[in-house]
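Hello,

Here is the structure I promised to pass on. Please have it open while you read, as my notes follow below.

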Amino acid sequence: MSVFVERLKEYMDERDLTEIALAKNIGVSRATISGLINEMHMPSTKVLVALIEYFNCSADYLLGKIDIPKSDKFNSVKPFGKILRECLTDNEKSEYKLQKDLHLSSSLTYRWLNDKAIPSVSNYIRLAKYFDCSIDYLLGRE
C-alpha cells in the first residue's frame with residue numbers, strides 16, 4: 001500500500017470518515033476517493049489541495065515526501081505563477097533552462113507562469129526536487 005493511501009486512511013480514521021463523507025466534505029465524488037484508496041490513480045492537484053486544506057496537513061507528508069507531519073499553521077494555496085517566478089529567480093534559472101532540464105514544453109511553462117494552468121501532482125513533485133524545496137512551498141502554504 002502506498003504511503004499516500006496509508007496516510008489518507010489515517011486521517012480519515014482520526015475523523016471517523018467514510019469515503020462518502022470525505023467525498024462530500026471536499027466536494028468530489030465517492031468514486032474519486034475510492035480510486036485513491038484503491039490506488040487506481042494519484043490525486044489531481046485540485047483533489048490534493050482539497051485534502052490538505054480539509055485535514056490541515058502538509059502535502060509533503062500526505063504524499064510521503066517527509067516522514068514527520070508538520071504541525072505548522074499553513075497558509076492558503078497561492079497562485080502558482082508568482083511562486084514559480086520566485087523559484088526561478090532565487091535559483092538563478094531561466095524559464096528556458098527549466099524547460100530543458102525537466103523536458104517541459106514552452107507552452108506549459110507559459111501557462112504556469114501566467115496562472116492559466118497548474119502543475120499536476122507529479123510535476124509538483126518534480127519541481128520540488130528540481131528547486132530543492134517542499135511541495136507545500138510550491139503551493140504557497142509555507
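**Salt bridges and a packed helix**

Lys97 and Asp101 sit four residues apart in helix H7, so about one helical turn separates them. Their side chains meet in a salt bridge, with N to O at 3.1 Å. Lys97 is partly exposed, at 38% relative accessibility, and Asp101 is also partly exposed, at 30%. Before going further, please keep in mind that this is a predicted model.

How many salt bridges does a search of the whole structure find? It finds four, and I describe some of them here.

Arg7 forms a salt bridge with Asp67, and their closest N and O atoms are 3.6 Å apart. This pair links distant parts of the chain: Arg7 belongs to helix H1 (residues 3-14), while Asp67 lies in the loop between helix H5 (59-62) and H6, 60 residues apart. Are the two partners buried or exposed? Arg7 is buried, with a relative accessible area of 9%, whereas Asp67 counts as exposed at 64%.

Another salt bridge joins Arg30 to Glu19, where the closest N and O atoms are 3.1 Å apart. Here the link runs between helix H3 (residues 30-37), which holds Arg30, and helix H2 (residues 19-26), which holds Glu19; the two residues are eleven apart. Both are partly exposed: Arg30 has a relative accessible area of 41% and Glu19 one of 23%.

Now to helix H8, which covers residues 106-113. Leu108, Thr109, Trp112 and Leu113 are buried there. Seen down the axis of H8, these buried residues fall within an arc of 130°, so they line one face of the helix. What do they pack against? Their partners are helix H6 (80-90), helix H7 (95-102) and helix H9 (121-131). After H8 comes Asp115, which has a positive phi, near 55°.

Helix H9 brings in one more residue for you to look at, Asn123. Asn123 has 14% relative accessibility, so it counts as buried, the cut-off being under 20%. Leaving aside residues up to four places away in sequence, Asn123 touches Leu104, Leu108 and Trp112; Leu108 and Trp112 are among the buried residues of H8. The side chain of Asn123 also makes a polar contact of 2.9 Å with the side chain of Arg126.

Happy viewing, and do write back with any questions.

Best wishes

Notes:
Residues are numbered from 1 along each chain as its sequence is written. This is a predicted model: local features need pLDDT of at least 70, side-chain atom pairs count only at pLDDT 80 or more; totals for chains, interfaces and linings use all residues. Side-chain values use heavy atoms; hydrogens and water are left out. Buried means under 20% relative accessible area, exposed over 50%, partly exposed in between (1.4 Å probe, protein chains only). The arc is that of the directions from the helix axis to the C-beta atoms. Contact means heavy atoms within 4.5 Å. A polar contact is a pair of N or O atoms within 3.5 Å; within protein, one must be able to donate a hydrogen and the other to accept it, and residues adjacent in sequence count only if both atoms are side-chain atoms.
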